[in-house]
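Student: Could you take me through how to read a few features of a model, giving the general idea before the particular case?

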Amino acid sequence: MSNQVINPSTGMQEMVFSLNSEEDLHNALVEGDKYYRRQRIVPVKVLAQQLMAIAASFRENADNLAQTATNNMGKLISESYAEVEATAKIAEYYGCKLIPETTFKRGYNE
């Protein structure tokens, strides 16, 4: 069985993908649990750096992410870019909040 991604604005098929098996789902849940347990012991400063890296990655890949959102959800491209930036700002905000004295300040610590 498979699913199709249809662009709601054009009605065109963007991609087709197979559904995961129960085994695939189970394996993903096991891996997610392992990741969660590893991340629980990561120092807060490292978590803050990871969030800042996520924000930077969203901005570096904004064109691709925005185009994907537009194709998959029928959004205007300007809305998709705004959503990418909003997501980057959320990651950046929490990265700064984890360590108030971080050098990544962008006005979120006031």
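Student: Which strand holds Val-5, and is Val-5 buried or exposed?

Tutor: Strands are DSSP runs of E of at least two residues and helices are runs of H or I of at least four, both numbered from the N terminus; Val-5 lies in strand 1, residues 2-6. Buried means a relative accessible area under 20%, exposed over 50% and partly exposed in between, with a 1.4 Å probe and protein chains only, and Val-5 counts as buried because its relative accessibility is 14%. The model is predicted, so local features need pLDDT of at least 70 and side-chain atom pairs pLDDT 80 or more, while totals for chains, interfaces and linings use all residues. Residues are numbered from 1 along each chain as its sequence is written, and side-chain values use heavy atoms, leaving out hydrogens and water.

Student: What does Val-5 touch, leaving aside residues up to four places away in sequence?

Tutor: Contact means heavy atoms within 4.5 Å, and on that basis Val-5 touches Met-12, Gln-13, Glu-14, Met-15, Phe-17 and Asn-72. The C-alpha atoms of Val-5 and Met-73 are separated by 9.2 Å, although these residues are 68 residues apart along the chain.

Student: Where is Thr-70, and with which side chain does its side chain make a polar contact?

Tutor: A polar contact is a pair of N or O atoms within 3.5 Å; within protein, one must be able to donate a hydrogen and the other to accept it, and residues adjacent in sequence count only if both atoms are side-chain atoms. Thr-70 sits in helix 3, residues 62-73, and its side chain makes such a contact with the side chain of Ser-80 at 2.8 Å. Thr-70 is buried, because its relative accessible area is 13%.

Student: How do the axes of helix 2 and helix 4 cross?

Tutor: Two packed helices are described by the angle between their axes and the distance between the axes. Axes are lines fitted to C-alpha atoms, for helices over the stretch in contact, with angles from 0 to 180 degrees between N-to-C directions. The axes of helix 2 (residues 44-60) and helix 4 (residues 77-98) come within 8 Å and cross at roughly 165°. Helix 2 is therefore roughly antiparallel to helix 4, given that angles under 35 degrees count as roughly parallel, over 145 as roughly antiparallel, 65 to 115 as roughly perpendicular and the rest as oblique.

Student: Is Gln-50 buried or partly exposed?

Tutor: Gln-50, found in helix 2, counts as partly exposed because its relative accessibility is 32%. A polar contact of 3.1 Å joins its side chain to that of Gln-39.
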